[in-house]
Amino acid sequence: MPKWALKSFRLSENIRFKRITESGLKITHYLVFRKSDKDKRYIKDFISNYEESFQMNELF
């Protein structure tokens, strides 16, 4: 499980994080929406929040 997903929980000091591979596990995410919705504010806000969230999580 990625560290960012556990950030809001109080973790036991007995938990240790280990990489699955030498470079970690990478996942590609996709967002699909209708062309007619591409300029809707909630779509733009979702994309912006998603990108911001993952940029912050790269620091951990």
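Which side chains meet in a salt bridge at 3.5 Å, N to O? The side chains of R41 and D45 do so, a salt bridge being a side-chain nitrogen of Lys or Arg within 4 Å of a carboxyl oxygen of Asp or Glu.

This is a predicted model, in which local features need pLDDT of at least 70, side-chain atom pairs count only at pLDDT 80 or more, and totals for chains, interfaces and linings use all residues. Residues are numbered from 1 along each chain as its sequence is written, and side-chain values use heavy atoms, with hydrogens and water left out.

**Overall architecture**

The protein chain contains two helices and zero strands. These elements are DSSP runs numbered from the N terminus, with helices (H or I) of at least four residues and strands (E) of at least two. Helix 1 covers 3-6 and helix 2 covers 41-57. Of the 60 residues in the protein chain, 8% count as buried; buried means under 20% relative accessible area, exposed means over 50%, and partly exposed lies in between (1.4 Å probe, protein chains only). The accessible surface of the protein chain comes to about 6,400 Å², and carbon and sulfur atoms account for 54% of this area. Accessible areas come from the Shrake-Rupley method with a 1.4 Å probe, and for residues only the protein chains shown count as cover.

**Salt bridges**

The whole structure holds three salt bridges, which are listed below.

| Salt bridge | N to O distance |
|---|---|
| R34 and D37 | 2.8 Å |
| K40 and D37 | 2.9 Å |
| R41 and D45 | 3.5 Å |

R34, D37 and K40 are linked in a network of salt bridges. R34, by contrast, is exposed, with a relative accessible area of 55%, and K40 counts as partly exposed at 35% relative accessibility.

Why are R41 and D45 separated by about one helical turn? The reason is that R41 and D45 are four residues apart in helix 2. R41 counts as exposed at 66% relative accessibility, while D45 is partly exposed, with a relative accessible area of 33%.

**Aromatic pair**

One aromatic pair is present in the structure. The ring centres of F46 and Y50 are 6.2 Å apart and the ring planes stand at 20°, so the pair is stacked. Rings of Phe, Tyr and Trp (its six-membered ring) pair if their centres lie within 6.5 Å; planes under 30 degrees apart count as stacked, over 60 as edge-to-face and the rest as tilted. F46 and Y50 are separated by about one helical turn because they are four residues apart in helix 2. F46 counts as partly exposed at 45% relative accessibility, and Y50 is also partly exposed, with a relative accessible area of 29%.

S53 is placed in helix 2. The C-alpha atoms of S53 and W4 are separated by 9.1 Å, although these residues are 49 residues apart along the chain. At 31% relative accessibility, S53 counts as partly exposed.

**Nonpolar surface patch**

F9, L11, I15 and F17 form a nonpolar patch on the surface, with about 380 Å² of accessible area together. Patches are made of residues with over 30% relative accessible area and no salt bridge; like charges are joined within 9 Å, and nonpolar side chains (Val, Leu, Ile, Met, Phe, Trp, Tyr) within 5 Å. F17 lies in the loop between helix 1 and helix 2, and F17 counts as partly exposed because its relative accessibility is 39%.
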